[in-house]
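This report describes charged pairs and helix packing in the structure shown below.

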Amino acid sequence: MDGVEVLPASNALKRRAITALALVPLVIAAVLWLPTPAFALVLAGVLMLAAVEWCTLAGLTRPFPRILYSTAILAAMAILWIWPQAQPWFFGLSALWWTGQAIALPRIKEIPRVEGVQWSLLAAGFLVLVGPWAALIYLHRLPSTGPALVIFLLFLMWTADSMAYFVGRAWGSGRAKLAPALSPGKTRVGVYGALVGAVVCGLTFAWILSATATATLLILMVCGVSVVISIVGDLYESLLKRRRGLKDSSHLLPGHGGMLDRIDSLTAAAPVFALGITLIGVTT
């Protein structure tokens, strides 16, 4: 993008790795050792940062409306906390919305610039930001297995993201692009790498649970679909940034960009994973 500092790939990767090494232990500690109410507050804080960046992508630039929108997002989380029975319905709706994006995004061939406030995008932000919060809180509060399920989802995302990056760089050059209008750097080979990562994680998860052959197949399906939707989340944020002529959602995290740049895959995958893992009965 115009006016944006472009670092050599090795420097960018180094900054990305340093930031990740600093954050990953904190994230794992928060998931494993915080009680669900404290975990919910920390997660809400993270998503508040993402909500501010979402305002930028939606064209909401004035401070007071941005504060008002972020407060509305926080209020939606508070309502779902008070009314936990609604959490599965909300992240189920979010999963359905992301499935719709998986169908719509491959059809995009051109990305026109947009100006002004996109009210529909602000409305969609409730599904994009509150949906994963509800899904992760729902998983975390499950007796005995909850934090482990959240950790597994995080490792699934990190593994798929890393496999897509390194496999794409190693064997993706000159191969078919995944979505050239949205993200020219992504290849179908990278997606195959991400799916291999999903299979490895799914088989490990099934082995830990001593799952039957049928249950193992279902776990692999949930992991595979979650990884595919995580890629949709990444592409969708790329679409929104290109509409606004932005490279990153902000400069909050060195090497990663903004909070949304770091969690875009998770925001899409968490509702789908929570819904899938609930439907196949792993949570019971």
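## Salt bridges

Asp161 is partly exposed, at 28% relative accessibility; the class lies between buried (under 20% relative accessible area) and exposed (over 50%), with a 1.4 Å probe and protein chains only. Its side chain meets that of Arg262 in a salt bridge of 3.4 Å, N to O, a term for a side-chain nitrogen of Lys or Arg within 4 Å of a carboxyl oxygen of Asp or Glu. The pair links distant parts of the chain, 101 residues apart, with Asp161 in helix α6 (residues 146-171) and Arg262 in helix α9. Helices are DSSP runs of H or I with at least four residues, and strands are runs of E with at least two, numbered from the N terminus. Arg262 is also partly exposed, with a relative accessible area of 24%.

The model is predicted: local features need pLDDT of at least 70 and side-chain atom pairs count only at pLDDT 80 or more, whereas totals for chains, interfaces and linings use all residues. Residues are numbered from 1 along each chain as its sequence is written, and side-chain values use heavy atoms, leaving out hydrogens and water.

The structure holds four salt bridges. One of them joins the side chains of Lys241 and Asp261 at 2.8 Å, N to O. Because Lys241 lies in helix α8 and Asp261 in helix α9, this pair ties together parts 20 residues apart in sequence.
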